[in-house]
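I opened my notebook to look up ring pairs and a helix contact. My entries follow the structure below.

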Amino acid sequence: MTPPEPRGPLSALLLRTLSGVPGELTAQDRAGLEAAAEAACAAADPVADEDLQLSLWVLYELHYRGFATVDDRWEWHPGLLAVRQQLEQAFETFLRERTREQVARASEAARSDLPGALFALAESDDGPSVSGYARSRMTREQWDELLLLRAVSQLKEADPHSFAVPRLQRAAKVHLVEILYDEYGAGRPERQHAVLYADAMRASGLDPADGGYVDRAPAVVLAASNVVSTFALHRRLRAAAAGHFAMVETTSSLPSKGYVGAAQRLGLPEQAWAYFDEHVEADAVHEQVAIRDLCGALVAREPAELESVVFGMAAGLYLEGRVGSHLLERWHRGESALRGPVAAGLQEPA
Amino acid sequence: MTRRPAGEVRRDVPGGPTLVRGAASYTDEQGVVHPVTRPVVAVCRCGASQRQPWCDGVHKLLGRRAT
């Protein structure tokens with residue numbers, strides 16, 4: 001993958017740093033990165049801040065597939081980890097503030113019935129239904145946009161949550177792996193969900209190998225993907241990673257049917273919707289295992305983590321809601337939901 | 001929770017499907033054998049699934065009742 005285009009002072013400085021050889025950052029580089037990160041973190045809405053979310057996405061990507069032109073040794077560079085921590089803190093603080101009341105309410109209910117409270121939390125979500133729109137109104141161009149934007153998460157589907165495996169113990173670990181095994185194709189490489197997704201892109205005429213989709217993804221889409229790494233890369237947030245995983249699984253089965261319906265209505269070939277078709281059935285299982293067995297076992301063993309599980313789910317629902325609102329607002333106005341090509345300058349137009 | 005031969009374990013979840021772990025196949029009430037390709041499968045209990053014998057999550061639209 002080639003590195004994305006910068007979207008502001010921080011990502012410009014970060015990408016310039018990454019193009020060099022890893023070594024001691026000069027005091028000037030370090031101060032510049034910290035100041036730019038601080039400025040990005042001052043954003044009133046870090047979820048919508050293009051510079052912040054792209055920088056976080058780039059820093060996380062060093063832990064996944066990396067970039068063709070970036071030295072892999074940057075992954076554990078202390079100077080970059082310091083920047084990552086600054087951004088994560090602003091992001092996490094914002095998510096906690098946004099979900100505080102909902103988490104308090106749902107946690108209260110979860111103390112007597114954890115599965116019931118988690119199912120209810122996901123079902124109470126009144127975010128806009130992209131799949132409902134897809135089934136009845138989505139155009140062919142909007143289908144492509146959906147696939148390009150979801151590629152940010154789906155081409156590494158299950159990878160971020162996998163970082164939580166060694167951070168969980170006993171039954172919770174077993175049940176997380178049980179689901180992940182299925183996500184990774186249950187022993188059949190061609191059935192890996194990320195592979196099915198790449199197949200869907202190709203069948204729709206899109207190129208999954210071209211990382212250009214990242215440049216087209218607005219901050220909210222990157223944020224919805226970044227949050228999983230924020231949770232799963234920190235042992236402190238392992239329960240939030242589990243709660244987020246449960247959110248993904250329990251909001252997938254029924255909407256996936258809508259996407260199958262959309263693809264069929266648009267006359268797309270089977271490979272274009274097989275990914276979604278697989279999720280109708282797979283996630284009807286996974287939601288039960290994730291909520292009852294994974295989250296259930298985690299909280300049974302570590303009761304103090306209950307609120308963190310609920311926070312993970314609530315934060316995920318909030319971010320998916322932001323993505324859904326973005327898509328439908330743009331599409332209802334007849335506009336593209338993609339980010340436009342980056343202008344010659346580095347500054348994001350206001 | 002019911003133990004079946006060959007390590008198969010079945011469990012009905014409240015208001016949801018029957019979870020079957022460790023099965024190589026699932027035989028429905030008509031005697032039709034369905035191959036199992038997942039570590040765990042969810043068998044429909046509400047009768048509303050369009051993916052019989054598997055659950056498709058549609059019970060959640062029935063007011064979360066297993067019927």
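I noted the ground rules. This is a predicted model, where local features need pLDDT of at least 70, side-chain atom pairs count only at pLDDT 80 or more, and totals for chains, interfaces and linings use all residues. Residues are numbered from 1 along each chain as its sequence is written, chains are lettered from A and ligands numbered from 1 in the order written, and side-chain values use heavy atoms, without hydrogens and water.

Next I checked the rings of Phe, Tyr and Trp (its six-membered ring), which pair if their centres lie within 6.5 Å; planes under 30 degrees apart count as stacked, over 60 as edge-to-face, the rest as tilted. A:Tyr197 and A:Tyr275 pair edge-to-face, at 4.9 Å centre to centre and 80° between the planes. A:Tyr197 sits in helix H10 (residues 193–203) of chain A and A:Tyr275 in helix H15 (residues 270–301) of chain A, so the pair ties together parts 78 residues apart in sequence. Helices are DSSP runs (H or I, at least four residues), numbered from the N terminus.

I turned to A:Phe231 and A:Phe311. Their ring centres are 5.5 Å apart and their planes at 65°, so this pair is edge-to-face. Both phenylalanines are buried.

What lies over the face of A:Phe311? I found A:Arg96, at 4.2 Å from the ring centre. The rule wants CZ of Arg within 6 Å of the ring centre and within 35 degrees of the ring normal.

How values were computed: Helices (H or I, at least four residues) and strands (E, at least two) are DSSP runs, numbered from the N terminus. Buried means under 20% relative accessible area, exposed over 50%, partly exposed in between (1.4 Å probe, protein chains only).
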